[in-house]
Amino acid sequence: MSDEQKPHTYQEEHDGITFEVIEPEHNDGKKVMSKGVYLVPNLITTLSLFAGFYSILSSTGGEYIKASIAIFISAFLDGMDGRAARMLNAQSPFGEQYDSLADCIAFGLAPAVLVYSFALQPWGRFGMACAFVYAACAAFRLARFNVQIGVVDKKYFIGLASPLAALLIACSVLVTLRYADFTVGMSAQLVWFFAAWVIACGLLMVSNVKYYSFKEFDKQKVPFVVLLIAVLVFGVLLYDIPVGLLAIGVTYALSGFVTTFMQKKTK
């Protein structure tokens, strides 16, 4: 076989040092190799990753409010990068994998470090184990989500989504900071609560409980009363944002059990 007839391979083109991404794409039904990455969605993912990184730094420095807010910002950006990719038709295998790795840090490691630094550190190895269970479950959740893309119903998440689990941790920290009495330090009851809470959030992520994804919610009409309920919820949030968000998050977390039970009942 002559040199001109040899198949073109990635290794032949990129011997030595390179700073390029080569990934498969489908063009007119054919699988082709393309270079480069889409800037806008991957830049948003990078900002989300930075917010998670900043949260970790803030947690280790004892700035728990900043750490919690950074998780909120990361969750917002995580929702934006997917929408930007779909709007710009800029979805790619690299973007999907990069988003999952960023989520593992922002919604797995960052909340685990936050809850350990805030409440579980006095318990030493046991507190570390509780926080690690959450971090490991977040990684399991993301890995399972990746391999089940295209297999499960897009209307539902299997297990609690990692951004929401992270927000439940962040909200609980903010509510505790606002209403708990720290004149004599962290109480044993609060430490027990956070130990159980972080494990429960982790286990919900890897459970088979079904949660409505709302991916098709913005494309459908809803009864007018839903708009009125949304206004009332917005009013509650304005009165006390951390408590309101925590209440909404807990309600959604419990709704998965209702959804799963109702689906099993109809079968």
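Two rings of Phe, Tyr or Trp (its six-membered ring) count as an aromatic pair if their centres lie within 6.5 Å, and planes under 30 degrees apart are called stacked, over 60 edge-to-face and the rest tilted. By that rule, a search of the whole structure finds 10 aromatic pairs. This is a predicted model, in which local features need pLDDT of at least 70 and side-chain atom pairs count only at pLDDT 80 or more, while totals for chains, interfaces and linings use all residues. Residues are numbered from 1 along each chain as its sequence is written, and side-chain values use heavy atoms, leaving out hydrogens and water.

**Aromatic pairs**

- The ring centres of Tyr64 and Phe118 are 5.2 Å apart and their planes stand at 70 degrees, so this pair is edge-to-face.
- Because Tyr64 lies in helix α3 (residues 64-87) and Phe118 in helix α4 (residues 93-120), the pair ties together parts that are 54 residues apart in sequence; helices here are DSSP runs of H or I with at least four residues, and strands are runs of E with at least two, numbered from the N terminus.
- Phe118 is buried, with a relative accessible area of 8%, where buried means under 20%, exposed over 50% and partly exposed in between (1.4 Å probe, protein chains only).
- Tyr64 and Phe118 also belong to one aromatic cluster with Phe193, Phe194 and Trp197.

**The chain as a whole**

- The protein chain has nine helices and four strands, which follow the pattern α-β-β-α-α-α-α-β-α-α-β-α-α along the sequence.
- Of the 267 residues in the protein chain, 38% count as buried.
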